[in-house]
Amino acid sequence: MIDLLFEPFGYNYMTKAIWVSALVGAVCAFLSCYLILKGWALMGDALAHSVVPGVALAYMLALPYAIGAFAAGFVAALGITGLRRITRLREDAVIGLVFTTLFAVGLLIVSINPTSVNVQSIILGNILAISDEDVTQVVIIAAASLAILGFRWKDLMLTFFDESHARTVGLDPWRMYIMFFVLLSACAVAALQTVGAVLVVAMVVTPGATAYLLTDRFGVMIWLAMTIGAVTSALGAYVSYFLDGATGGLIVVFQTLVFLAAFVFAPKHGRLAARRAGRKTAEATP
Amino acid sequence: MTGQVLDLASTVSPGRAAAPAQQRVSPSINVDRITVSYANGVPAIRDVSFTLGASTICALVGVNGSGKSTLFKTLMGFLTPLMGEVRIAGRPVDKALKRGLVAYVPQSEEVDWNFPVLVGDVVMMGRYGHMNFLRIPGKADRMAVDAALERVGMSEFRKSQIGELSGGQKKRVFLARALAQGSEIILLDEPFTGVDVKTESAIMDLLRSLRDDGRLMLVSTHNLGSIPDFCDQVVIINKTVLAYGPTETTFTEANLAEAFGGVLRHVHLGGAELHADADRRRVTVLTDDERPLVLYGERDHEKLVKPDRGETD
């Protein structure tokens, strides 16, 4: 029995999949804390879909796929914020317009050039078969993102909480948002490998949403979200060995289960706590 | 709010006490013929000019859509004038903001009250400009936060999430942040909206004591009745400056009628309608659905009536 449980660790590709997933899960979770508080969850989805043409082009030109993905993500972020500024369209319309366009272009490139890249591994992820170069890319992206976030998380928090005040302490909100979206597209690229373009949005939303229910302090929220992101991602990769199922699907299912638990049992903001508080008020006022 | 007596004005200003080494800059706002337009190119304000100096509380008055918030956004560097120039303490806006000369107290609607921050965290944000780039608070920062919370009577709420507070308490937290920041210039956007009467007069006392301390405050407000109580200057705008100057000479029925057109509730009582004698004095009540402005006397010679706050409230 014990032997069976340890079996995945006997395979190099499994151990690699587990720790790379955990790393990606942690970084995405960090970013998720900001995204969900600003109502920008859809931006995460948009960026993940938008990087597809970049990846396809990069494969076609034999460049590291991260460079292509990164450029495409950047184009998407700029396109969305730019269009938002100069048109009267609402943000959701602009996001929908930009990311479906880029996603369609990506699919078109791939279909014209079928040998260049496996569509399925972009859309659904393929962490179990990740190459060593790809691991290096993911690790560099994750480490750099974590370092930047570690240094600037308070400034980002201030900007997301109160742009006007951010200006009065000498921060440029516009620059902070650009930095944030650069990080987000970088991490969307890293997450492509683990869960695929379709499920990246879960990685950059669910851990933050779960942590939000568990605390009233932003710093604590970040630690909780990162723990949830890392543990569920590692667990998803690990269990996929036994179930022979899609890693991405498993990771996201685990994240949802943790969210549901928090939703019901969270000490202050859970449903049970809310009901208890309601009953207490009812008793206090006869 | 509990039964405690709010005495916001009694102690020394915490931001400055904590940072004695900081050189004081004489505060001023110099708006010189600026025109600012919306993103679609339509001008929001045209040819706006005024100058404010140290030891001033200035009210910014105008109807909704008159350009008050555009003016605030320009002072905060979010918008750049197409023409003209804004100088804060003799510097361009960006330089003044970088030096932490301006503090901003936002409208309640602008704040995300569900954000996971505690009262103490918000006030500590006022100190970010004083910290190194990692924003790790030192002893001076913690002392400034303590003093600011103490001064607005919110010390006991330090560990509360901001959404759990009442309207008046929320305002006091953001005032405490401005105090902790220790800036010479404070911009306040609708500080009296959603605030109980007691907090309102406590905030006015606080602003008065900051004025005596040499600071400059620009207050955007709909609360016309309270303006004569605590503002020494008034800027009345509607797309451009209609009138500006000392409250006594500027805050008149004629100027307000011009600024608000038919928007204000405008009630005359007295004169011939009320009695048959020759007494032509009358009472005029102007209100933007907040505390009313009351004027009394003969037509065009009406004087402000300052109601005794304890009774009228």
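A polar contact is a pair of N or O atoms within 3.5 Å, where, within protein, one atom must be able to donate a hydrogen and the other to accept it, and where residues adjacent in sequence count only if both atoms are side-chain atoms. By this rule, 14 residue pairs are in polar contact between chain A and chain B, both residues being at pLDDT 80 or more.

This is a predicted model, in which local features need pLDDT of at least 70 and side-chain atom pairs count only at pLDDT 80 or more, while totals for chains, interfaces and linings use all residues. Residues are numbered from 1 along each chain as its sequence is written, chains are lettered from A in the order in which they are written, and side-chain values use heavy atoms, with hydrogens and water left out.

**The interface**

Chain A brings 26 residues to the contact and chain B brings 36 residues, contact meaning heavy atoms within 4.5 Å. Together the two chains bury about 2,700 Å², of which 59% is on carbon and sulfur atoms; buried area is the accessible area (1.4 Å probe) that two parts lose on being put together, summed over both. On the side of chain A, the residues that lose the most area to chain B are Phe161(A), Arg167(A) and Thr168(A), which together make up 27% of what that side buries.

Five salt bridges are found across this interface, each a side-chain nitrogen of Lys or Arg within 4 Å of a carboxyl oxygen of Asp or Glu. Arg167(A) forms a salt bridge with Asp94(B), and their closest N and O atoms are 3.5 Å apart.

**The pockets**

A pocket is an open set of points, on a 1 Å grid over the protein atoms alone, where a 1.4 Å probe fits and protein lies on both sides within 12 Å along at least five of seven lines; its lining residues have an atom within 4 Å of a point. Grid points are joined across faces, edges and corners, and a volume is the space filled by probe spheres set on the points. In the table, Ala, Val, Leu, Ile, Met, Phe, Trp, Tyr, Cys and Pro count as nonpolar, Asp, Glu, Lys and Arg as charged, and the others, Gly among them, as polar.

| Pocket | Volume | Lining by class |
|---|---|---|
| Largest pocket | about 1,500 Å³ | 19 nonpolar, nine polar, 12 charged residues |
| Second largest pocket | about 420 Å³ | 11 nonpolar, two polar, eight charged residues |

Among the 40 residues that line the largest pocket, Arg85(A), Glu163(A), Tyr177(A), Lys73(B) and Phe78(B) lie nearest its centre.
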